[in-house]
Amino acid sequence: TTHPVPTNHTTHPVPTNHTTHPVPTNHTTHPVPTNHTTHPVPTKHTTLPPPTTAPSPVPKGTYTLKNKKGLCAMATLRIQLRVQYMFGKQEKWGIFYIQPNKTKASGKCDDHSVNMTLTFPQGYLTLRFRANTKDKTFFLQQMQTQLAYKFPGTTKSTTYAAHNSGLTLMATHLGHSYLCSNVSVEAGTHFWVDLEDQQVQVFEFSASQTFGPVEKCPADKHVPVVAIVVAVLLILLIVIVVVAYLLGRRRSPAGYQSI
């Protein structure tokens with residue numbers, strides 16, 4: 001009783017310290033499913049999409065629709081679908097590339113809307129464009145998609161679906177084509193659609209039935225501006241160095257003459 005060593009051991013045993021910070025316990029205190037209620041991961045994917053090198057093996061596809069007047073919709077682009085799926089007790093992002101040689105375009109066009117559905121063996125993607133007669137522009141208004149796929153680590157194929165009818169993207173004047181290196185669209189919760197290296201035009205076409213004048217997306221417009229600013233700054237720096245050098249040479253002979 002005068003030397004209760006066991007009592008001291010129970011107050012700070014090593015096993016007790018281990019149970020306060022084991023790896024399994026950390027997983028239960030901040031599980032990925034809890035984060036999904038606030039969906040922070042999709043927000044990150046908007047600004048940081050999957051590596052740009054990933055889609056490179058997939059060629060661009062060209063999809064068209066016609067009506068009685070002729071060509072009414074044409075899109076040339078790469079498409080990848082990003083879906084969040086369960087991997088054991090964790091959630092990961094799976095990427096699926098739409099293969100152009102296995103995809104067929106269908107739909108219809110009228111004076112106010114264009115519906116283009118791209119159907120492939122694992123699902124479909126529907127893009128609905130709307131015409132703004134007041135501004136004489138068109139824009140992407142709605143996106144609906146479905147994918148049945150077995151991602152790595154899963155035991156069976158799962159069907160993922162998404163629908164977003166509140167879009168106002170890709171605004172372009174009628175008779176012109178929309179050009180952009182990448183547009184990431186949140187089709188639904190944990191489901192994103194990336195439209196890459198795209199050129200799209202709907203409703204009005206010239207007699208040549210080809211893409212009209214290009215209107216670039218804001219993201220692509222910023223690249224040349226930055227390059228021009230950098231070039232101007234470099235030129236100014238070179239001019240300053242040359243002027244300083246010439247002024248230095250003019251002053252140096254006077255000093256030698258005094259000697």
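# Pockets and contacts of a predicted model

Strand β10 gives the most to the lining of the second largest pocket, with 5 residues. This is a predicted model, in which local features need pLDDT of at least 70 and side-chain atom pairs count only at pLDDT 80 or more, while totals for chains, interfaces and linings use all residues. Residues are numbered from 1 along each chain as its sequence is written, and side-chain values use heavy atoms, with hydrogens and water left out. Helices (H or I, at least four residues) and strands (E, at least two) are DSSP runs, numbered from the N terminus.

**Pockets**

- A pocket is an open set of points on a 1 Å grid over the protein atoms alone, where a 1.4 Å probe fits and protein lies on both sides within 12 Å along at least five of seven lines, and its lining residues have an atom within 4 Å of a point.
- Sorted by class, the lining of the second largest pocket has 9 nonpolar, 3 polar and 3 charged residues, where Ala, Val, Leu, Ile, Met, Phe, Trp, Tyr, Cys and Pro count as nonpolar, Asp, Glu, Lys and Arg as charged, and the others, Gly among them, as polar.
- The largest pocket, for its part, has a volume of about 280 Å³, and of the 13 residues that line this pocket, K69, D110, D111, F203 and E204 lie nearest its centre.
- In the lining of the largest pocket, the classes are represented by 6 nonpolar, 2 polar and 5 charged residues.

- The structure holds 2 salt bridges, a salt bridge being a side-chain nitrogen of Lys or Arg within 4 Å of a carboxyl oxygen of Asp or Glu.
- One of them joins the side chains of R78 and D197, with a distance of 2.2 Å from N to O.
- Because R78 lies in strand β2 (residues 70–87) and D197 in strand β11 (residues 191–202), this pair ties together parts that are 119 residues apart in sequence.
- The side chains of R82 and D194 also meet in a salt bridge, at 2.6 Å from N to O.
- Here R82 belongs to strand β2 and D194 to strand β11, so the pair ties together parts that are 112 residues apart in sequence.
- R82 is buried, with a relative accessible area of 0%, and D194 likewise counts as buried at 0% relative accessibility, where buried means under 20% relative accessible area, exposed over 50%, and partly exposed in between (1.4 Å probe, protein chains only).
- D197, by contrast, is partly exposed, with a relative accessible area of 33%.

**Backbone angles**

- D197, which is found in strand β11, has a positive phi of about 45° although it is not a glycine.
- Q209 is also not a glycine and has a positive phi of about 55°; this residue lies in the loop between β11 and β12 and is partly exposed, with a relative accessible area of 31%.

**Residues paired across the chain**

- F205 lies in the loop between β11 and β12 and counts as buried at 16% relative accessibility.
- The C-alpha atoms of F205 and G70 are separated by 8.6 Å, although the two residues are 135 residues apart along the chain.
- F120 has its place in strand β5 (residues 113–120) and is buried, with a relative accessible area of 5%.
- F120 and A105 are 15 residues apart in sequence and, C-alpha to C-alpha, 9.2 Å apart in space.
- K216, found in strand β12, is partly exposed, with a relative accessible area of 43%.
- Between K216 and Q199 there are 9.2 Å in space, C-alpha to C-alpha, and the two are 17 residues apart in sequence.

**A nonpolar surface patch**

- I228, V229, V232, L233 and L236 make a nonpolar surface patch of about 450 Å².
- Patches are made of residues with over 30% relative accessible area and no salt bridge, with like charges joined within 9 Å and nonpolar side chains (Val, Leu, Ile, Met, Phe, Trp, Tyr) within 5 Å; accessible areas come from the Shrake-Rupley method with a 1.4 Å probe, and for residues only the protein chains shown count as cover.
- V229 is found in helix α6 and counts as partly exposed, at 44% relative accessibility.

Key: Grid points are joined across faces, edges and corners, and a volume is the space filled by probe spheres set on the points.
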